[in-house]
Amino acid sequence: MTRRPLLLLAATSAAVLTLAGCAQSSAGQSSGGAAADAPAASAAPAPAPFDGDPVEVALVRQSGAGDYFTAWGSGAQKQAEAVNIELTVTDARNDNAKHASDLEQAIASAPDAIIVDHGQTDTIEPLVHQAVDAGIPVVVYDLALNDPTGVIVTSQSDESMAQGVLDQLIEDVGEGAQVGYVSATGFAPLDRRAAVWNQVVEDNGLQQVFSTGKVTESTATDNIPLVDAALKQNPEVQAIFAPYDEITKGAVQAVLQNNLQEQVKVYGIDISNADIEVMITEGSPWVATSATDPAAVGAAVVRTLALSLAGELEEESVQFPAVTITQEFLLDEGITNVTELREAEPDLLLDDVVTADWLPAVS
Amino acid sequence: MSARVTTAVSAGVARWGFIAVTVLLIAFFATTEPSFRTLDNALGMLKFIAPTAIAGLGVALAMTVGGIDLSVGASAGFAVSIAAWTMVIGNQVGGVAIATVLLGGAIIGAVNALLVVVAKIPDLLATLTTMFVVVGLKLILVNGQSISSRMTLPDGSTAPGVFTADFLWLDRGRIGPIPVPVILFLVLTALLWFVLEHTRWGRALYAVGANPEAARLAGIRVRTYRAAAYIGCGLLASIAGLLLAARIGQGDVSAGNSLLLDAVAVALVGVSVLGAGKPNAWGTALGAVLVAVMITGFTMLGLPYYAQDFGKGIVLLVALLFSFTFSRRRVAVTAGSTASQ
């Protein structure tokens, strides 16, 4: 019998433990709601549906981890709060089955709109159409759709990213140069960048002496041996295009370990604090990259949705332009991280892209 | 006999405590989140958790013989790639893909059985090894690439096949208002429950798990039953993989990675439900439902995924307290080859 009070005590504490978790969660929600109620000070009066109760939007993300995606998410969140949108965010952690389930459940919960961030076409597209059929407005970001009817498609402009940095490449090494290409196929952004690359190679008579590369769980490391082998076979190459920063870093390492940084220039895409550090290191062959500011892009996607819900969006497809960043620019301006870069290059802020007087960009 | 009253109390906590936690959570979310208390959401949650639940049934089956199977996630992932390969590269219809996947699952289960029963490697180590081998083999078969409908092959040509509609129906279809995965989930749970509780085989499986030596002396063919449990587990894991493949619609090479820990967790939770004190089918199903309720509810509350992991951990802890601390019954589950005596 002596065990009885002990058991009750233990059972109660277990229940309290669980309830404490619940209490914490409702507190978190109410603070989010309060922030959403505070409109941005400078904004003109918002049109419907943003002039009443918070607009409920589900943000269904394939991944929210890593520098890029974290910044993207916080940009989206800030813009949402400024425009009276209550974002419910799901993060599939790169599990595509969960991404599909998340979207399905978002549709079932009938929000005012859905934003789908990245995703696999075969997995997500049928569900996007299902949402549209259910009358829910959908904005997709960096998700390739075979049939974009009724969907607002946004992307960071891979064409402008690739074109800007390749213009720089041609300017540096000239037409007919010997070049190498390091990338992978089967990823929508990389495929779009590849199309630009092929065009530039053709238009400028570049001789592509090697093409290699892959995307893995440790892309930077795994590309070093590939580029290393390619360089040993083709040491006369003048420039390498590696259109994804993890691959770029691998290519840079391979150039350095072959001691070819005097002859071979590397052109990348994307930017992060770590990337800037690699670019400004003495003797780095990475001379130019092309970038968008993920926080600004996340915010711009939410603005696109807001404009569309207010009936003020003219087009059904929005691309966020990229900025080409050279090693020279970084060194001249003494830039060592993304925050400083954002100050030195205001074009990254996208604060004149998809805005309205009631919908200023948060930055 | 004087211990009977105390036992009744602790059995009460063990039996109903877990159900109470589940009901409280459902009531809480249903009150705070209007979109939680819809039929669509209920079916959505069951559908979402179906692959985890089915893999969990497999783990529970392996646990009945005192084992564990760490290769369920790998088997499910293997199933995804094999299904994609059969349809997209092999240009076969959905039925052939399903048969191939099930055969693959049974073979993986048989390999586990060989390692555990014949080679006498402890379950934990044997299935861990299988996990690595299967993940690697899958990547070798598909050259590390996700196979998608009409993909461009290394030689520049286009793959002949696509994910067929009848295959996709496995996850995306409905029978009446009920999604197919939910039906599969319930049917497989009922089937496993029937086998474990109402057949001679079920009693033999539990007997092997509780005390292999006694079971052997009682004339039970211990090795056969242990092998059968692993093969059954491999089959269930590959069915989970079929659902994942139909959900994703391509041979995603990372599919199944996140399945293992959740499957083991729901099987463990299942041990505590209703004070069973042993791995069982309905308990596992309820454990899976609880995980789905938490993930969905927490998401609707706006909590990030790490809060969901924390919540899952707490619930697992509570469940384990119910089955190991409050229950006076001997618990016949261990993560290894020997059952507690």
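1. The largest nonpolar core has 214 residues. A nonpolar core here is a set of buried Ala, Val, Leu, Ile, Met, Phe, Trp, Tyr and Cys residues joined through C-beta atoms within 7 Å. Buried means 20 or more other C-beta atoms within 10 Å of a residue's own; exposed means 12 or fewer, partly exposed in between, with C-beta atoms placed from the backbone. The residues with the most contacts inside the core are A:Ile240, B:Ile54, B:Val59 and B:Leu236. Helix α10 (residues 222-248) of chain B gives the most to this core, 17 residues. Domain 1 (39-150 + 294-321) and domain 2 (158-291) of chain A each supply at least three.

2. On conventions: this is a predicted model, in which local features need pLDDT of at least 70 and side-chain atom pairs count only at pLDDT 80 or more, while totals for chains, interfaces and linings use all residues. Residues are numbered from 1 along each chain as its sequence is written, and chains are lettered from A and ligands numbered from 1 in the order in which they are written.

3. B:Ile54 deserves a look. Leaving aside neighbours within four places in sequence, B:Ile54 is in contact with B:Leu184, B:Phe185, B:Leu188, B:Leu236, B:Ile239 and B:Ala240. Contact means that the C-beta atoms of two residues, placed from the backbone, lie within 7 Å.

4. Chain A overall: 12 helices and 12 strands. Helices (H or I, at least four residues) and strands (E, at least two) are DSSP runs, numbered from the N terminus. Of its 363 residues, 47% count as buried. Among contacts in chain A with a separation of 6 or more, 75% link residues 24 or more positions apart.

5. The domain assignment of chain A gives domain 1 (39-150 + 294-321) and domain 2 (158-291). Such bounds come from an automatic or database assignment. The C-alpha centres of the two domains lie 32 Å apart. Their contact takes 5 residues from domain 1 of chain A and 4 residues from domain 2 of chain A. On the domain 1 side there are 3 nonpolar, no polar and 2 charged residues. Ala, Val, Leu, Ile, Met, Phe, Trp, Tyr, Cys and Pro count as nonpolar, Asp, Glu, Lys and Arg as charged, and the others, Gly among them, as polar.

6. One open sheet of chain A has 6 strands in the order β2-β1-β3-β4-β5-β11, with parallel pairing. Strands pair if DSSP finds at least two bridges between them. β2 (85-91) and β11 (317-320) of chain A are at the edges with a single partner strand each, so one side of each has no neighbour in the sheet. Neighbouring strands are turned by 20° against each other on average, direction ignored. Axes are lines fitted to C-alpha atoms, for helices over the stretch in contact; angles run from 0 to 180 degrees between N-to-C directions.

7. Two helices of chain A pack on this sheet. Helix α3 (residues 96-108) touches β1 (55-61), β2 and β3 (113-117), at about 165° to β1(A). Helix α10 (residues 294-309) of chain A touches β1, β2, β3, β4, β5 and β11, at about 160° to β5(A).

8. Pairing details follow. Strand β4 (residues 138-141) of chain A runs parallel to β5 (residues 152-156), joined by 3 bridges. A:Val140 stands opposite A:Val153. β5(A) and β11(A), also parallel, share 4 bridges. There A:Gln156 faces A:Phe320 as its opposite. The covered face of β11(A) holds A:Val318 and A:Phe320; the uncovered one holds A:Ser317 and A:Gln319.

9. Another open sheet of 6 strands in chain A runs β7-β6-β8-β9-β10-β12, with mixed pairing. β7 (207-212) and β12 (323-326) are its edges, each with a single partner strand, so one side of each is left without a neighbour in the sheet. β9 (residues 265-268) and β10 (residues 286-291) of chain A pair in the parallel sense over 2 bridges. The bridge partner of A:Val266 is A:Trp286. Helix α5 (residues 158-173) of chain A packs on the sheet and touches β8 (239-242), β9, β10 and β12, at about 155° to β10(A).

10. Finally, B:Thr130, in helix α5 (residues 123-141) of chain B. B:Thr130 counts as buried because 26 C-beta neighbours lie inside 10 Å. Beyond four places in sequence, B:Thr130 touches B:Ser71, B:Ile108, B:Val111, B:Asn112 and B:Leu115.
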